[in-house]
Amino acid sequence: MFVSTLFIKSFPTFADRLNINFIKMKQTILNIIVIFIMALTVFAKEKDGTMNEKAIDKQNMNTSVKPGDNFYEYVNGGWIKTHPIPPEYSQYGAFTILYEDNQEKLRSLIKKVSAEENAPEGSVAQKIRDFYNSGMDTRTIEKLGIKPVQKQLEEINNLKSKEDVASYIATMQRKGMTPLFYFFAEADQRNSTMEIANLYQGGLGLPDVDYYLNEDEASAKLRDEYVDHLTKMFVLKGDKQEQAEKSAKAVMNLETKLAKTSFTRIEQRDPVKNYNKMSLAGLIETAPDFNWSLFFKTLGLEDPGDINVGQVKFFKGVSDLMNETDMETWKAYLTWNLLDASANYLSDDFVKQNFEFYGKTLSGQQEMQPRWKRVLEVVSNGLGEALGQLYVEEYFPASSKERMVTLVNNLRAAFGDRIKQLDWMTGETKEKALEKLASITVKIGYPDKWRDYSKLEIIPGNYFSNVIAAREFSFNRNLNKIGKPVDKTEWGMTPQTVNAYYNPSNNEIVFPAAILQPPFFNPDADDAVNYGAIGVVIGHEMTHGFDDQGRQYDKDGNLNDWWTEEDAKRFKAKTDKLVALYDNYVVLDSLHVNGSLTLGENIADLGGLNISYEAYQKSLNGETPKKIDGFTAAQRFYMGYAQVWRQNIRPKEMARRLKTDVHSPGEARVNIPPFNIDSFIKAFDVKKGDRLFINEDERAYIW
Ligand SMILES: [Zn+2]
């Protein structure tokens, strides 16, 4: 639920919205890869044919700007100017380029596997080949049109009672569709060794509660566009215009009621508020008008055992809605959920309409990605570790793992020293913090034990049924965990994911193979730049164990307060300063960063910089490295950090993210945290009067 990632790469199609929501839910974090290959201008081709990236390239900078006025522009201005967003993207940055590169690598792996015509039935090669080829077989897909969902449309049409609705929602959940709410297994937040059932709010087609409730003009316009999209989807399904309009309005109405009873994103950040463990009897008492017994029975779980009800208020609301809502509305809502979750795997008319709204209208994407990329993403989700295994065999050198282990050890030692020296924390809490730091598990590259896909059946020539098979496989695998011990060796991201995460209930930091590449990790770069990039990423993830959410978990991953009251109070006062700094940062016209929504990530960025800089200093053993290309080591450290976050982003996408993403925009990630740190201020001679200068009493010193 509270897994913290380094960033979220989001593309708002159904699968992606699922991923974004599920990023909160550790067991189902799927990688989200959407890529485009263009000239990798940051790479210089060496004579021997190997690709080396220059650690810091002056071409990428804009030295006409003062670092103190806009550090982000100073380091990245040149790059930003020369890297316009390709039409198929809503944003384009360092992460995107790695994705693109990865996508090509994965495609060549799939091609290699696909060439094995005699791959034995049931082998991983057969599954990857047939899944991918079925997705590329547009002739069959077009011929089938809406047929793949016809049976389910009829089933929905035949529902007669609210009992039928509850039961059918379970049927849809089994297929990876998520009307009304999410259901999944996850570690009990107060007993982190056991998996329990979880219910979590959901059921909205727009990205967030705000979209339904805000009264500004832009929000109202988006709502109209959403209803228009719903109408068009119903027409594609075969409804007459008038009926389609009626259904669309009914869905909008129901979703608005759901939104009103939902937690906001900020409320969702409080792990205690979102932990409400109860028995099935307790759930029935809390939300009596949804037939839970029937729901669980349909899932094949006669006795789910303990259930964590994430948002009690929401599930009470769902219960009320069961009574208030007529059958026609339920049918329209479930039909919409079915179409939305299926559109990308049906004929082109559905794919296009889906893109019109979720790609263009919501995120400002101009063009759809080529088919092979979209299909590759689906295969990479469905058979993630199977493809991941091939990926690391081909592309992940053992030496990278060794270097990471050393770096992580150095960072951990530096973080420990900093905790010991904190002037705001008492000895008692420090001791517990140090214990927690020492207990952090580190996972690098790929899992020790690969996922077994033998029970997933993939057949040639039926893309839609393969997608559903992969979802059912994933759902059942998760469902089977309920009531069993947590497998702490499991990974929540595939090795081919360009990202990293901290999982509080395992107290672990995880770095997939794909992030261990330039500009994050550059074997040819000087240490200063690597500490500024991957070093800060490591420090960022470690700090998540001590951010406003993570600090509420103990060394064993249990939600269990280990802070003295006064230390907690001082921590809160410090984080309030950070909230204010981000609240005041204007990104787009009048749009500000939301300092409360992004607090955990901002604490992690600031901590990551402090810890990594200290680790780097220690690694120097008192020596001062020579300047490189005219820059001191301290300067290169912060520049290495800044270039990780370079990006171009479309205004619509920026607006969407400011509402929904717990990460601050790249620009704010560069232009705020360093300005709280003495070594940065000194390295770039930042002075009062510079635009980004922060008065000493307003600076945040936390970790
Ligand atoms: Zn993070």
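This is a predicted model: local features need pLDDT of at least 70, side-chain atom pairs count only at pLDDT 80 or more; totals for chains, interfaces and linings use all residues.

Visitor: Which residues are the protein donors of the zinc ion?

Guide: Thr5 (O), His540 (NE2), His544 (NE2) and Glu601 (OE), lying 2.0 to 2.3 Å from the zinc ion.

Visitor: And what are the angles among the four donor atoms?

Guide: They run from 92 to 133°, and the site is tetrahedral. The donor residues are spaced T-x534-H-x3-H-x56-E in sequence. His540 sits in helix H21 (residues 527-544) and Glu601 in helix H23 (residues 599-619), so this pair ties together parts 61 residues apart in sequence.

Visitor: Is His540 buried or exposed?

Guide: His540 is buried, at 1% relative accessibility. Glu601 is buried too, at 4%.

Visitor: Switching to rings. How many aromatic pairs are in the whole structure?

Guide: A search finds 51. One of them is Phe183 with Phe296, edge-to-face, 5.7 Å centre to centre and 70° between the planes.

Visitor: Which parts does the pair of Phe183 and Phe296 tie together?

Guide: Phe183 is in strand S5 (residues 181-188) and Phe296 in helix H12 (residues 292-299), so the pair ties together parts 113 residues apart in sequence. Both Phe183 and Phe296 are buried.

Visitor: Which rings are linked into a cluster?

Guide: Ring pairs link a set that includes Phe71, Tyr74, Tyr531, Tyr613 and Phe684.

Visitor: Last one: what lies over the face of Trp372?

Guide: Arg107, at 3.7 Å from the ring centre. Also, the charged end of Arg551 is over the ring of Trp563, 4.6 Å from its centre.

How values were computed: Residues are numbered from 1 along each chain as its sequence is written. Side-chain values use heavy atoms; hydrogens and water are left out. Donors are N, O and S atoms within 2.8 Å of the metal (3.2 Å for Na, K and Ca); water is not among the atoms, so sites may look incomplete. Four donors count as tetrahedral if all angles lie between 85 and 135 degrees; four count as square planar and six as octahedral if opposite donors are over 155 degrees apart and all others between 65 and 115; anything else is irregular. Helices (H or I, at least four residues) and strands (E, at least two) are DSSP runs, numbered from the N terminus. Buried means under 20% relative accessible area, exposed over 50%, partly exposed in between (1.4 Å probe, protein chains only). Rings of Phe, Tyr and Trp (its six-membered ring) pair if their centres lie within 6.5 Å; planes under 30 degrees apart count as stacked, over 60 as edge-to-face and the rest as tilted. A charge sits over a ring if NZ of Lys or CZ of Arg is within 6 Å of the ring centre and within 35 degrees of the ring normal.
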